[in-house]
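Student: I would like to learn how to read an interface and a core from coordinates. Where do we start?

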Amino acid sequence: MTEPTIPPLRTSARYRPGALEYLALGLIVLVIGQRWLVDLFDIPALQTGATVFVAIMIQATPFLLLGVVLSGAIAAFVPASFWRRVLPKNNALAVPVAGAAGALIPGCECASVPVANGLMARGVTPAAALAFLLSAPAINPIVMVSTFVAFPGEPELVLARFVASLLTAVVMGWLWLRFGKGEWLRIGPRTHLIGSSSFHTFRLTATHDFLHAGGYLVIGAFAAAAINVLVPPAVMNTVAENPFLAIGAMAALAILLSICSEADAFIAASFTEFSSTAKLTFMVIGPMVDLKLISLQAGTFGRAFAVRFAPTTVAIGIAASLIVGWVLLT
Amino acid sequence: MRRDVQAIILLLLGGAVLRVTWSDAYLNYVREGMRPFLFISAGLLLAFGAMAMVDAIRQLRTPAKVVAIDGLEHDDDVDDDHDDDHDHDHGAWSSWLLLLPVLAIFLIAPPALGAYSVARETTNAIPPAEAKAPPLPPGDPVEVTLSDFVGRAVWDSGLTLQDRQVRMTGFVTPNPAGGWWLARLSIACCAADAIGTRIQVQGAPILPANTWVTVTGAWTPGGGTMSADAIPILVSSSVDVVPEPRNPYE
């Protein structure tokens, strides 16, 4: 090992424009071109897309912040030994415990990605952290209440949602335990996020996670806004006729529309032509896999993880919805 | 990514959230109940941004302390894309994308969804919670929401609307088959989940799309019942052009 070399202090640095200068220049150009930009967006489809994009960002920002504040607090204030004490030693048992713990934390799916990342960084077994990642946005009290409100007179659908979501999360955790490989998962080295004090560590972690995940949220929100404008709602009604096509279509729609788990029950309820099981599939898949989540997960855990995790979750989620729907909804 | 650029992105985003929340523009995107959380978010972003800026300034003052953690050569205050302590953490470029919503809010300020979104929908009347609607409150005319009116007209066969004058506020959405619909969107969470409600207005002058109007009139049968596609009909007695309400959604 060689000693790290400290670069010689330069006395007269040659001027090179950097990120800050480009940022300033870009902003000046955009402000000058503002009139032209507004004219460009004077097309209903583009305007609708822009509104949906900003709406998803505005809606998700408080939840993403909640998530990064929690992940920062986990990094700074919760000792790693805490998780060893609360979670069962046996990993196969830790998975359902972590999955059920998802019912306690009221948050959207955007919050759960940085939290799961923080848990893994603190030594929680990835399988348990992933079960929590999937279950937290799907079965928390706010989501359960909003589902109850969206489907008046159908409390069995609330129960079905809870059971099918938890089942999917736990099965995914166990699958990871059995088949998952550590190298698929990128848990970023976090040594550079250790500050001079607990509060400093908290602030560095939260800021870093927000900036990092926020960019991926932008990609997801952008894709969802584009889909919102490009896919005519009329296509849906023709698909609803065929029960098998309907379930696939509802799963695809949950992925493409990327609606917050706290609102998706109202959307599911608006698909009046679809069967209860198809609506259940929509509500099970939506909080676990959608465009903004795939983007967030790829950014946080790496692409190798996302390409394996997302399709498997969809398959397990559909299977769980079919089984639970068959038992509880018919 | 450099600390100072990080700080500026956080400050800009915090400023953008503060701006839409302060000016009521947030009602174009999310529900009113989000307001306190948006204020807290703006405060957090501005605080994180300000503290990151303090870090960046300190770093500038003591350039020699910027030592490579990962063995890469680091310049002091002169930047390149490999600066600071984040570059081994791939995807630092993603933070730049956070400027997109900032630019959209400050430069374009997208308006509330309107006629374009409503015209694309096929369903109109989601079955209401109760099978039998309670009688309309007193008043002549009585103020109702569009979704309440449509629910009563379609799923209760208009029983509670007979012989009553109602008043509703919405925007004009041209009907390709002639005339226009009075329309309003409702959101459950944010504008991405907006659902539109339409009523065919009879006996009214043609108005341009997205004109906000208050319409007084009476329900008349013929729009269809017991179907999610039914669009009820209102015979108008007066149509007044009004400014866009503070909350454009129902």
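Tutor: Start with the polar contact: a pair of N or O atoms within 3.5 Å, where within protein one must be able to donate a hydrogen and the other to accept it, and residues adjacent in sequence count only if both atoms are side-chain atoms. Between chain B and chain A, 4 residue pairs are in polar contact, both residues at pLDDT 80 or more. This is a predicted model: local features need pLDDT of at least 70, side-chain atom pairs count only at pLDDT 80 or more, and totals for chains, interfaces and linings use all residues. Residues are numbered from 1 along each chain as its sequence is written, chains are lettered from A in the order in which they are written, and side-chain values use heavy atoms, with hydrogens and water left out.

Student: How many salt bridges cross the interface of chain B and chain A?

Tutor: A salt bridge puts a side-chain nitrogen of Lys or Arg within 4 Å of a carboxyl oxygen of Asp or Glu. The rule finds 1 across this interface. B:Asp55 and A:Arg203 form a salt bridge through their side chains, at 3.2 Å, N to O.

Student: Is B:Asp55 buried or exposed?

Tutor: Buried means under 20% relative accessible area, exposed over 50%, partly exposed in between (1.4 Å probe, protein chains only). B:Asp55 has 11%, so it is buried. Contact means heavy atoms within 4.5 Å. Leaving out residues up to four places away in sequence, B:Asp55 touches A:His200, A:Arg203, A:Leu204 and B:Arg3. Its helix is H2 of chain B, residues 35–61. Helices (H or I, at least four residues) are DSSP runs, numbered from the N terminus.

Student: What is the area buried between chain B and chain A?

Tutor: Buried area is the accessible area (1.4 Å probe) that two parts lose on being put together, summed over both. Here it is about 6,300 Å², with 75% from carbon and sulfur atoms. B:Phe48, B:Leu107 and B:Arg120 supply 11% of what chain B buries against chain A, more than any other three residues. In contact terms, 74 residues of chain B meet 72 of chain A.

Student: And the nonpolar core?

Tutor: In soluble globular proteins, nonpolar side chains tend to be buried together. A nonpolar core is a set of buried Ala, Val, Leu, Ile, Met, Phe, Trp, Tyr and Cys residues joined through side-chain atoms within 4.5 Å. The largest has 136 residues, and A:Phe210 is among the members touching the most others. Helix H3 of chain A (residues 44–77) gives the most to this core, 14 residues. Beyond four places in sequence, A:Phe210 touches residues including A:Leu64, B:Leu45 and B:Leu98. A second, separate core has 24 residues, including B:Val144 and B:Ala230.

Conventions. Helix = DSSP H or I, 4+ residues; strand = E, 2+ residues; numbered from the N terminus.
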